[in-house]
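Please look over the sequence and the model shown below before reading on. The report begins with the chain as a whole and then turns to particular parts of it.

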Amino acid sequence: MKKSKKFIIFTFIVLGFVLLIFAVTKVDALSKYGSRGNEVKQIQTKLKRWGYYKGNVDGVYGSQTLKAVKYFQRKNGLKVDGIAGTRTLKAMGITNSSNSGGGSSSNSTNVNLLARVIYGEARGEPYQGQVAVGAVVLNRVKSSSFPNTISGVVYQAGAFDAVKDGQINLTPNSTAKKAAQDAINGWDPSYGAIYYFNPATATNKWIWSRPMTITIGRHRFCK
């Protein structure tokens, strides 16, 4: 009888540890207020580069980081809860070790994000013009004046209307996906442009001063 009681107690203890490990693992799958670590540093680094975060990159998910994450979520059509869960991290271009694979996974993520930009910014434009929009994003990645990743360029504050109005979250069609792949493969119909605009609607005097490379459809591309 005593052995039976000891076995039951031992079973409950083991079960308790299993549940505790599960709970901790579940919490560690996302970053939120109070979290610490490398993932938080990645979040802070990206949000600071894009203009959402003004604090120190210290790996501590404090009130400033919480505010910045909410700001990013609000601007990008995500649930505004201040928690950097799977969807928010994906929008930032951050993958944890359980989701990260080899180069093909990274390439697939880049193609999908670029396709969403193209679809949100240039659907209905000539195919060459859609590829050119993708090329502009990639030309910015190469430029020292912009973030050095596709996600960084796309989500830089105020960079693209599709991000501001939420069209970045629409599902791209096959044409946009093909245009994204062509741009990544090296086709640049924009001739090295890092900006583009619609002359029929643009009111910013500065953009009109940029040297033009080519006009395709409704977009004027420039450096």
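## Surface and burial

The accessible surface of the protein chain amounts to about 12700 Å², and carbon and sulfur atoms hold 55% of it. The model on which this value rests is a predicted one. Of the 223 residues in the protein chain, 39% are buried.

## Order of the elements

The protein chain contains ten helices and three strands. Read from the N terminus, the elements follow the order α-α-α-α-α-α-α-α-α-β-α-β-β.

## Helices 2 and 3

Helix 2, which spans residues 38-49, and helix 3, which spans residues 63-75, have axes that come within 11 Å of each other and cross at roughly 60°. An angle under 35 degrees would count as roughly parallel and one of 65 to 115 as roughly perpendicular, and the two helices are therefore classed as oblique to each other. The crossing of helix 2 past helix 3 is left-handed. On the side of helix 2 the contacts involve Ile43, Gln44 and Leu47, which meet Thr65, Ala68, Val69 and Phe72 of helix 3.

Gln44, which has its place in helix 2, counts as buried because its relative accessibility is 0%, where the limit for burial is under 20%. When neighbours within four places in sequence are set aside, Gln44 is in contact with Tyr53, Asn56, Val57, Asp58, Gly59 and Val60, and also with Thr65.

## Thr88 in helix 4

Thr88 belongs to helix 4, which covers residues 86-92. With a relative accessibility of 5%, Thr88 counts as buried, since burial is set at under 20%. Apart from neighbours within four places in sequence, the residues in contact with Thr88 are Val69, Phe72, Gln73, Leu78 and Ile83.

## The hairpin of strands 2 and 3

Strand 2 (residues 212-216) pairs with strand 3 (residues 219-222) in the antiparallel sense, and the pairing runs over four bridges. One of the residues involved is Ile214, whose bridge partner in strand 3 is Phe221. The two strands form a hairpin with two residues between them, and in the turn Gly217 has a positive phi of about 60°.

Note on methods: Residues numbered from 1 in each chain as written. Predicted model: local features only at pLDDT ≥ 70, side-chain atom pairs only at ≥ 80, totals over all residues. Heavy atoms only, no water. Pairing = 2+ DSSP bridges. Buried < 20%, exposed > 50% of the residue type's maximum accessible area, 1.4 Å probe, protein only. Areas by Shrake-Rupley, 256 points an atom, 1.4 Å probe, with all protein chains shown as cover. Contact = heavy atoms within 4.5 Å. Axes fitted to C-alpha atoms, helices over the stretch in contact; angles between N-to-C directions. Parallel < 35°, antiparallel > 145°, perpendicular 65-115°, else oblique. Left-handed = near helix turned anticlockwise from the far one by under 90°.
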